[in-house]
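Colleague: I'd like to learn how to read a fold and an interface from a model. Could you walk me through this one?

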Amino acid sequence: MRYLPGGLLAAATAGLLALSLGAGDPPGVVRAGGKLTVDDNTSKAFGQHAPGLPVRELRKFTVGNRLFNTNWVTAPASVRSLDGLGPFFNRVSCSACHVRDGRGRPPVGPAVPMMSMLVRLSVPGLDGKPVPHPIYGDQLSDRAVEGLQPEGRAAVTWEDAEPFVYPDGTAVSLRRPRIDLVDLTHGPLGPDTMMSARVANAVFGLGLLEAVPEADIVARADPDDADGDGISGRVNRVWDHDAQAWALGRFGWKANQPTLRQQAASAMAGDVGITSEHFAGGNFTAAQTDAAALPDGRDAEGVELSSKQLDRLTFYLQTLAVPAQRDADDPAVRRGAQGFVAAGCNACHAAVMRTGPSAAHDVLAGQTFAPYTDLLLHDMGPGLADGRPDGRASGREWRTPPLWGLGLQERVSGHTFLLHDGRARNAEEAVLWHGGEAAAARDRFAGLTAGERADVLAFLGSL
Amino acid sequence: MKKPPLTAVAALFVVASVGGCAGLAPPREPVSDRAVVASYADLAARQYAAALADARSLADAVDTLVASPSQATLAAARRAWLAARESYGVTEAHRFYNGPIDGVDPATGEEGPEALLNSWPVNEAHLDYVAGRPDAGRIADAGFAISAEAIAAENQVSDEADVTTGYHAVEFLLWGQDFSADGPGVRPATDYATAPHAGRRGAYLKAVTARLIDDLTYVAGEWAPGRHNYRARFEARPAREALADVLSAQATLAGFELASERIAVPLDSGDQEDEHSCFSDNTHRDFVRNLDGIAAVWRGAGGPGLRDRWPADDAEMLAVDAALARAEALAGEVEDHGPVDTILASDAGSAGRDALNGLSDVLIEVAEAVVELGAASGLEVVIGGE
C-alpha cells in the first residue's frame, strides 16, 4: 500500500479542508465554480447562468438555452430555422438526454428504450486503428423520422458482477450491463464491431474546464508513470476542425472533443441529426440510401444549425454555473475530505484547477475552482474497459469525470447512477469499480473503517 | 402680544409641511427595512390568495364545460383561464429567491411547485392530438391512468419539454394549437363531447386544474400569517437580507426572465409561436401583469413598497422608478400592437418588433438599476435565473 508522503498529505488535506468550507469564508477559499458558483440546491441547480454574466449578455445565454431545449422537427417544417431532425437520431433535443443539464441514466431492463444513453460503434480500420462502422457509423441511431426505420435498438440486461468484499467481510453487490443490439435494419453488425454504451454527461461548469490552459493539464500527465505512484494520466489528442490542427481532448467520456463548440456540433450531428459547418454530411452512411433520399432542413448556410446558432449554443454551455458545496462544516464532511485525500482520490480527481488569464468570456478568466478532475485519461482496469479505443484513448482508459454536483444529482436528475454506463447505483459502487491505476486508491478506501468510508461518501455527497 | 408676524411665518411653514403650497413638501421619512419586508409579505399573501381564488373559479368553469360541453361553456372556461392568469401573473415577482414557489421546503424536502404551475413551452403531442397526429399524447393513451398524481409525476421527467401540467397545459386543452397569425387556437367544444377520447380529455383537464389548486393552496398557505410556515421564517430573517432577496427577484424577473427568456428568445428564434401563452395569444397580458407584479412590490399596494425604504430624493431609487415607468409604458405599447405572435410574424423593422425589442432593452435597464441601487445601498442584489 502506498501513502502520500506526510508533508504532501498535510498540505493536500489543508487544501481540501479549505475547499470544504463554503460561502462566507475567509478569502483564499476555493468555491466549486469560483465566481461562477451559485447557491442552489433545487432541481435547477445545474441550469443557472454564471452570476457574473453582464445582464446584457443574458440574451445570448437564454437563446442558447432555447436552442438546447429545442425539439427539432422533421424537415420541411413551418419554422425553417429549427427543422432538419435526423433522418436518424437518438433524441430530438439536447435537453432530452441532458435533462435539466444533468446526467443521463441507463434503462432498467431490455424492453426499455434508451432515453439518455447511446451506443458508440467502431470497427478496426486498415491500420488497426478504429474507424466508424461502414454501415451504422460511429453511433447507433435508435430513432428515425417518419417513413424511415431506425438503425436498431439497444437492449440492456443487467447482470451480477463479482461482489466486492471489504476486509471486514461485508459484501457489496455490483452489476454490469450486457448490451445487445437488436432489430437491426441495415444488415448485421459483424463480429469485430466494438461497442461502448454511455450515458449523457452533465453539462454545467464546462466553460471553466475549457478555459484551463493546456500546459496545466499536460503538466499533470505522467504517461510513463515516471514518479512511480501507479498513476499514469495521459492526454488525448484529437482533430480540432475550427483550428484545423491537433488539439488536447477535454470533453466526452474519453476526452475526444477539444472544444465545447465542437462537442456541441458533434452531438447535434450524431445525436439529433442536425448538420453544421464541420458536420455537414448528414447523419447516415453511403450505404443508407433510404436515409439519403429524404429531405433535409438545410438553410442559407447549407446546414441545419447556423454558425450563429452554434455560437449561442456554445455560449450557453460555456456560461452555465456550478452549484456550491453544501454542508461544508458538517464534521462528517470534513472528516470525509481528509479521507478522500488520504486514500489518494485527489491524485486524479484533482481538487483545484485554474483558468487562464484570458478565456472565451471575461467571466471565465482567472478563476480558481474545484471540479475534482484532472481531465486526463486513466486506465481503470479490465472491469470497466469497453474495449473501444478513441483517438489516443485505449479500450481501458477513461477521462476522469468531474465530481462537482455529485450530491445534487438525485435532486436534479432523479437518480444516482454513475460511471459511463450507469452501472454504479450509488457513489460507493462507483468507487468499488475503480481498478487499474485506481486500484490502490480503491483498496485504501476499502481499508478504512465503515465509519470512515461513510464520511468519505458524505463528503462526496456534499459536492 | 406681539406674535402675529412670527405666527404668520410659522403658519406658512405649517401649511408648507402638509404639502399644500408651492413645492415645499418636506422629505418623507424612509420606512424601516422591517416594515417594508412585513408589507411585502402581506402583499405576497394577498396575491397568492387571489390567484387561488381565481383558480377555483377556473375549476368551476372547467367542471361546467366537462359536464355540458358547448361553445358557450368552452368560452366561459377560456375567460376563466384568462382571468386566472391576471392574478397569477403578478405573483411571479415572488420567484427567484427560493421562496415557497420555487425553493426547497425544509420540512418536506420537496421543491416548490413553480415548474408544475407555469412551465412552457408545452410539448403538445405529448399531451393530446396535434395536426397530423390524431392519436398523439397521453389523452389518447388508454394505458395511462388519468389522475392528478400520475400527471404531476410525469412532468418533465425524461424531457424538459414534456410539460404535462400547469396553466399552459390547461391553456392547450382549452384552445388547442395556434396556427393562425390572426387569432388563437380554435379547439372545438366537441373535443369534450363527441370527439375521440372526449371523456379522457375532460378527465385530464379536470385533473390538471385540480392540481393547480393544490399547488396554489400550498404556496398561499406558506405565505399566510400566523402559522409556522415560510412567512414566519421570512419575517424572522434579518430584514436587510430579505430585502436583498426581494430586490434580486425583481432584477431577475425583469432582466432575465422577461427581457431575455420571454422576449429576446422569441424575437431571435424565428418561431412565431415561441411565446409564453401561445395557444391563447395572451402573452401581452403576461408581460403587463408581470410588470404590475414588480410595480406592486416596488411601489407597494395597501402598504409601503420597497422604494419607500429609501429617501424620496435617492438618485438610484429614482432611477429604478424611471426605468420601471418606461417599461410599463412600452408594455402598453406592445399590447397595442396586438398579440405577440402577430408581432413575431411581422418583418424585421416593424413597429411591433421595435416595441418588443425596446421593451426587452428597458427591462434590462430596470434590472441594472435595481442592481445599482443594491450596490449603492450595501445590499447584495444578484440576477439569477436558469
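Colleague: Let's start with chain A. What share of its contacts with a separation of 6 or more comes from residues 24 or more positions apart?

Modeller: Keep in mind that this is a predicted model. In chain A, 68% of those contacts join residues 24 or more positions apart. The chain has 13 helices and 15 strands. Its radius of gyration is 22 Å, close to the 23 Å from the globule rule for 463 residues, so chain A is as compact as a globular protein of that length. Its C-alpha trace spans about 65 × 55 × 40 Å along the principal axes, and 57% of its residues count as buried.

Colleague: Why are H11(B) and H15(B) called roughly antiparallel?

Modeller: Look at the angle between their axes. They cross at roughly 160° and come within 9 Å; an angle over 145 degrees counts as roughly antiparallel, and therefore so does this pair. The crossing is left-handed. Among the residues making the contact are B:Leu247 and B:Leu258 of H11(B), with B:Leu356 and B:Val370 of H15(B). By class, this helix contact has 17 nonpolar, five polar and one charged residues.

Definitions and conventions
Residues numbered from 1 in each chain as written. Chains lettered and ligands numbered in written order. Predicted model: local features only at pLDDT ≥ 70, side-chain atom pairs only at ≥ 80, totals over all residues. Helix = DSSP H or I, 4+ residues; strand = E, 2+ residues; numbered from the N terminus. Rg over C-alpha atoms; globule rule 2.2 N^0.38 Å. Buried ≥ 20, exposed ≤ 12 C-beta atoms within 10 Å, placed from the backbone. Contact = placed C-beta atoms within 7 Å. Axes fitted to C-alpha atoms, helices over the stretch in contact; angles between N-to-C directions. Parallel < 35°, antiparallel > 145°, perpendicular 65-115°, else oblique. Left-handed = near helix turned anticlockwise from the far one by under 90°. Nonpolar A, V, L, I, M, F, W, Y, C, P; charged D, E, K, R; others polar.
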